[in-house]
Amino acid sequence: MVDLTALLADLAAESEQLDALVAPLPPEAWERPTPAPGWSIAHQIAHLAWTDHVAHLAATDAAAFFASVTSAPDPSRLVDDGAESFLAPAAALLARWRAGRATLATALAAVPAGEKLPWYGTRMSPTSMATARLMETWAHGEDVADALGVRRAPTSRLRHVAHLGFRTLGHSFAAHGRPVPAAPVRVELTAPQGDTWAFGPADAADRVTGPALDFCLLVIQRRHRADLALVATGPVADEWLDIAQAFAGPPGGKREAAGGGVTR
C-alpha cells in the first residue's frame, strides 16, 4: 500500500520540477501555445491551480464541491472554464498555484483514515486523489515542456503514473463504451533507473511491455502508440493500448501519430 506521506512528497517534488520550468519565464512566454488546442502555458498552470482548488473543496467541504459542479453554466466546458477563471498575470498565477497546492497537501494529509472524497462521477481516497494530482501535474508539465522545446528526464515518480494507468484499464474500456474485459493483463515496464515495474498476474496471456516513460505518455494521451516502443501481446492488451486513459471522464482527444493535438 502506498504511504500517503511519501506520495505527497512525490507530488510536491513533481510540482516543484514544473515550477522550476515556468518560474524563470518572462511574462510573454506564458502566452506561448502548448499542444493542447487553445491553451497557453498560462492555461496549463491555471488548470492545475483550479483543479487543486476543487480537490481542496472535495477534501474539506463536500457541499461546496458539489455546488461548484451543479452551478457550472455548461458542464461540458467545466475544465476549460475552470482554467479560464484562474488565469492571471504570470506572477500572481504562479503564487496562486503554489499556495493552492500546499493547501491541498495539508488537507489531504488531514483526511481521516478510510474516508473517501467526492469527485467527478466517483469517490476517491486521499491516496488516489494525490496520485491523480501527480499524474495531472506530470501530464500538463509535458505540455509545457513541449511548448518550450524542453525534454524532461523521467524520474522514479513515474511509477505512480504507471500504476494508475494500469489500474484504469477497466475505465478505459468503459469510457469508450466497450465491454470491460474479464481477461487480466500483465504490464512489465523498464523503469528510468533500469529496473522493472510489473503489474498484474505473472501468468496472464495478455501482456504489455516496454519503457515506463512510453507507457505513461500513452495513458495520459500525450503520444500516439505508433510513436512509442510498447509491445502488446494478446487481443485485450492490443485493444487497450488504443484507448488507454489514466484520467477520469469521457475519452479525450488523443494525439495523432507524429504530432497533433492532445487531450486536456
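These legends describe close-up views of a predicted model.

**View 1. An aromatic pair formed by Phe65 and Phe66.**
Phe65 and Phe66 pair edge-to-face. Their ring centres lie 5.6 Å apart, with 65 degrees between the planes. The planes count as edge-to-face because the angle is over 60 degrees. Phe65 is buried, at 1% relative accessibility. Phe66 is partly exposed, with a relative accessible area of 41%. The structure holds six aromatic pairs.

Phe65 and Phe66 belong to one aromatic cluster. Trp119 and Tyr120 are its other members. Trp119 and Tyr120 return in the view of the largest pocket, where they are among the lining residues nearest the centre.

**View 2. Two arginines over aromatic rings.**
Arg96 places its charged end over the ring of Phe86. The distance to the ring centre is 3.7 Å. Arg101 lies over the face of Trp97. Here the distance to the ring centre is 4.3 Å. Both Trp97 and Arg101 also line the second largest cavity.

**View 3. The largest cavity.**
How many cavities of 30 Å³ or more does a search of the whole structure find? There are two. The largest holds about 60 Å³ of space. Helix 1 (4–22) and helix 6 (126–148) are the elements that each give two or more residues to its lining. Glu14, Gln17, Trp138 and Glu142 are among the lining residues. The lining also includes Arg152, Ala153, Pro154, Thr155, Arg157, Leu158 and Leu213. By class, five lining residues are nonpolar, two are polar and four are charged.

**View 4. The second largest cavity.**
This cavity holds about 40 Å³ of space. Its lining consists of Leu11, Ser15, Asp52, Trp97, Arg101, Arg133 and Thr137. Helix 1, helix 5 (90–110) and helix 6 each give two or more residues to this lining. Two of the lining residues are nonpolar, two are polar and three are charged.

**View 5. Thr168 in a loop between two helices.**
Thr168 sits in the loop that links helix 7 (158–167) and helix 8 (169–175). Is Thr168 buried or exposed? Thr168 is buried, because its relative accessibility is 13%. Leaving aside residues up to four places away in sequence, Thr168 touches Gln245 and Ala246. Gln17 is 151 residues from Thr168 along the chain. The C-alpha atoms of Thr168 and Gln17 are 26 Å apart. Gln17 is one of the residues lining the largest cavity.

**View 6. The largest pocket.**
The volume of this pocket is about 1,100 Å³. Its lining has 41 residues. Which of them lie nearest the centre? They are Trp119, Tyr120, Phe247, Ala248 and Gly249. Trp119 and Tyr120 also belong to the aromatic cluster with Phe65 and Phe66. Helix 2 (41–60), helix 4 (78–86), strand 2 (122–124), helix 6 and helix 7 each supply at least two lining residues. Helix 6 gives the most, with eight. By class, the lining divides into 19 nonpolar, 14 polar and eight charged residues.

Key. Residues numbered from 1 in each chain as written. Predicted model: local features only at pLDDT ≥ 70, side-chain atom pairs only at ≥ 80, totals over all residues. Heavy atoms only, no water. Phe/Tyr/Trp six-rings, centres within 6.5 Å; stacked < 30°, edge-to-face > 60°. Buried < 20%, exposed > 50% of the residue type's maximum accessible area, 1.4 Å probe, protein only. Lys NZ or Arg CZ within 6 Å of the ring centre and 35° of its normal. 1 Å grid on protein atoms, 1.4 Å probe; cavity = no way out; pocket = protein on both sides within 12 Å on 5 of 7 lines; lining within 4 Å. Points joined across faces, edges and corners; volume = space filled by probe spheres on them. Helix = DSSP H or I, 4+ residues; strand = E, 2+ residues; numbered from the N terminus. Nonpolar A, V, L, I, M, F, W, Y, C, P; charged D, E, K, R; others polar. Contact = heavy atoms within 4.5 Å.
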